[in-house]
Amino acid sequence: MGLQSCSLKISPFSILSRIPITFVPLSRHFNYRRPPPLIARALSSAAPAPSPDENKVVKGPQWKAAIDFKWIRDNKEAVAANIKNRKSNANLDLVIQLYDKLLNVQKEVERLRAERNIIANKMKGKLEPSERQKFIEEGKNLKEGLVTLEEDLLKLTDELQQEAQCVPNMTHPDVPAGGEDCSVVGKPREFSFSIKDHVQLGKDLDLFDFDAAAEVSGSKFYYLKNEAVMLEMGLVNWAVSEVMKKGFTPLTTPEIVRSSVVEKCGFQPRGTNTQVYSIEGTDQCLIGTAEIPVGGIHMDSILAESSLPLKYVAFSHCFRTEAGAAGAATRGLYRVHQFSKVEMFILCRPEESDSFHKELIEIEEDLFLSLGLHFKTIDMATEDLGAPAYRKFDIEAWMPGLGRYGEV
């Protein structure tokens, strides 16, 4: 099952300046993920039954991806090159080492189980008391050995999952290698008059209040005021209406999801420098994008091929920690902790992924052209791809107040 998504962030002031479904990881903004040669070939697992105690803290991996460890080991050089190109900190050697160790322990477990079965069969017949006692002792020793090895196997399985889920997806062959400079092309727009940034415009027009929001919620939050409120509502309604004309089904989504679903979408909600807000004492998170609840809407389902493609356009509020974001480029309404977004999402057959991905890009470009924005479409280079992404496009508009292009 091919999954694609793209998103249209609607914060108005960024503008002023299956077939069984294989549930695969997603990333934000034109993220594209498809089957082999991928490392995780099938990432769905049975949805956990609700706990009697919904507030119970869940530790360790919430789910287990069906990762093709043998493929990783057999294609070590290609995977290592991809990790390097993606500037990932994944430890490939440790993954392979843990996998080999896991295989050895599995073999030993199977050997001991076979010996135990042989002894059990022998004890079914007529035996001298001394001989039976001998088999009982051997069976007891084998059982104790198996308990230890099976515990080791469980620990190894969890450790291998944690390490392997850090390995980035393989990359589309057309993706440029390198950093941001390799992604960005285009000529900045010039103006014949003095430019005000969106912070100054907002102050002059009384469009938002950062100070009150900082007192109420903390830094990087805001109140929209006056025409800004109507502008945001108008943009959301217009964007959803325009995309619906293309055959997309509108959705509003839950804005709190289980952390296991976040992980299945390729994010690490409790990892270092995560962008995900986790709800303390629960297994739930605030969503950073509607991709996550839309991605989960059909998980563990079987869809008729005739029902494909499924096209959704979803509105949600989004919440991100923006870990590491700082400096002049993030002032005002850029890189905030909460914003509104309209998301396009398509489930389709793998062989149709390229054409539908192109359709998503064209729709978003048409929307920005309709708004009269000066923008460019970027085929993101390897170092800027998130770990789950196979390919990703961003659309960036020229922001005179920042003196650079910025994601919209």
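Entry 1, pocket. In this predicted model I looked up the second largest pocket and found that 16 residues line it, with Y222, Y223, L224, E232 and Q338 lying nearest its centre. I noted a volume of about 330 Å³ for this pocket. Two or more lining residues come from each of α8 (210-216), β6 (223-224), α9 (227-244), β10 (310-319) and β11 (338-348), and α9 gives the most, with four residues.

I checked the length of α12, which covers residues 353-370: at 1.5 Å a residue its 18 residues should span 26 Å, and because its end C-alpha atoms are 26 Å apart, the two values agree. I then listed the buried residues of α12, which are S353, F356, H357, E359, L360, I361, I363, E364, L367 and F368. Just after α12, I found G372 with a positive phi of about 75°.

The largest nonpolar core holds 27 residues, of which F69, I72, V79 and L160 touch the most other members. The elements that give two or more residues to this core are α2 (69-74), α3 (76-85), α4 (92-122) and α5 (129-164), with α4 giving the most, namely 10 residues. I also noted a second, separate core of 14 residues, which includes A239, V243, V313 and C348.

Conventions
Residues numbered from 1 in each chain as written. Predicted model: local features only at pLDDT ≥ 70, side-chain atom pairs only at ≥ 80, totals over all residues. Heavy atoms only, no water. 1 Å grid on protein atoms, 1.4 Å probe; cavity = no way out; pocket = protein on both sides within 12 Å on 5 of 7 lines; lining within 4 Å. Points joined across faces, edges and corners; volume = space filled by probe spheres on them. Expected span 1.5 Å × (residues − 1). Buried < 20%, exposed > 50% of the residue type's maximum accessible area, 1.4 Å probe, protein only. Core = buried A, V, L, I, M, F, W, Y, C linked by side-chain atoms within 4.5 Å.
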